[in-house]
Amino acid sequence: MIRTATAADVPLVAALEQEIFGVDAWSAALVEQELTGDHRQAWVTDDIGYAVTMTVDDVVDLQRIAVAPAHRRHGVARSLLDTVVRESVGDRMLLEVSAANTSALAFYAAAGFVEIDRRRRYYKDGTDAVVMRLPLKEGCSWNR
């Protein structure tokens, strides 16, 4: 079951952050800000995954979508992404993903995201970020 995240979910999301992202994990204080801050929306599911967006004007930035490793490849991320897309208000969604994360790149491409740019040496380990875009409303000037 996917539901809107609240401040009560900070410990859960912070623990998942540590498990999934290690040294690149958000701190508990940053998790709280991302879950409850202005222009943010966040969802959690079954204590195994979460998604966070930030909306500015007509752009929805997918900040995080993450699923505990033991629960991957069971449709959880896709369900989270479907919820995020359905509930987001904006014309387009943007995200950055590591160029080394081939499974995430394939996941986003299958969902209709297209690469629009690269940010060189964006991540702490020196890998590039692939910037991807998905139109959220019919009639957008780019193709899905």
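The legends below describe close-up views of a predicted model.

In this model, local features need pLDDT of at least 70 and side-chain atom pairs count only at pLDDT 80 or more, whereas totals for chains, interfaces and linings use all residues. Residues are numbered from 1 along each chain as its sequence is written, and side-chain values use heavy atoms, with hydrogens and water left out.

**View 1. Helix H1, residues 10-21**. Helices (H or I, at least four residues) and strands (E, at least two) are DSSP runs, numbered from the N terminus. Just after H1, Gly 22 has a positive phi of about 55 degrees.

**View 2. The buried residues of H1**. Val 10, Val 13, Ala 14, Leu 16 and Glu 17 are buried (under 20% relative accessible area, 1.4 Å probe, protein chains only). They are on the same side of H1, because they cover an arc of only 160 degrees around the axis, taken from the directions from the helix axis to the C-beta atoms. Their cover includes helix H2 (28-36) and strands E2 (40-45), E3 (49-56) and E4 (59-67).

**View 3. Strands E1, E2 and E3**. Strands pair if DSSP finds at least two bridges between them. E1 (residues 2-4) pairs with E2 in the antiparallel sense over three bridges, and Thr 4 stands opposite Trp 43 in E2. E2 and E3 run antiparallel, joined by six bridges; Gln 41 has Thr 53 in E3 as its bridge partner.

How values were computed: The expected span of a helix is 1.5 Å times one less than its number of residues. Buried means under 20% relative accessible area, exposed over 50%, partly exposed in between (1.4 Å probe, protein chains only). Contact means heavy atoms within 4.5 Å.
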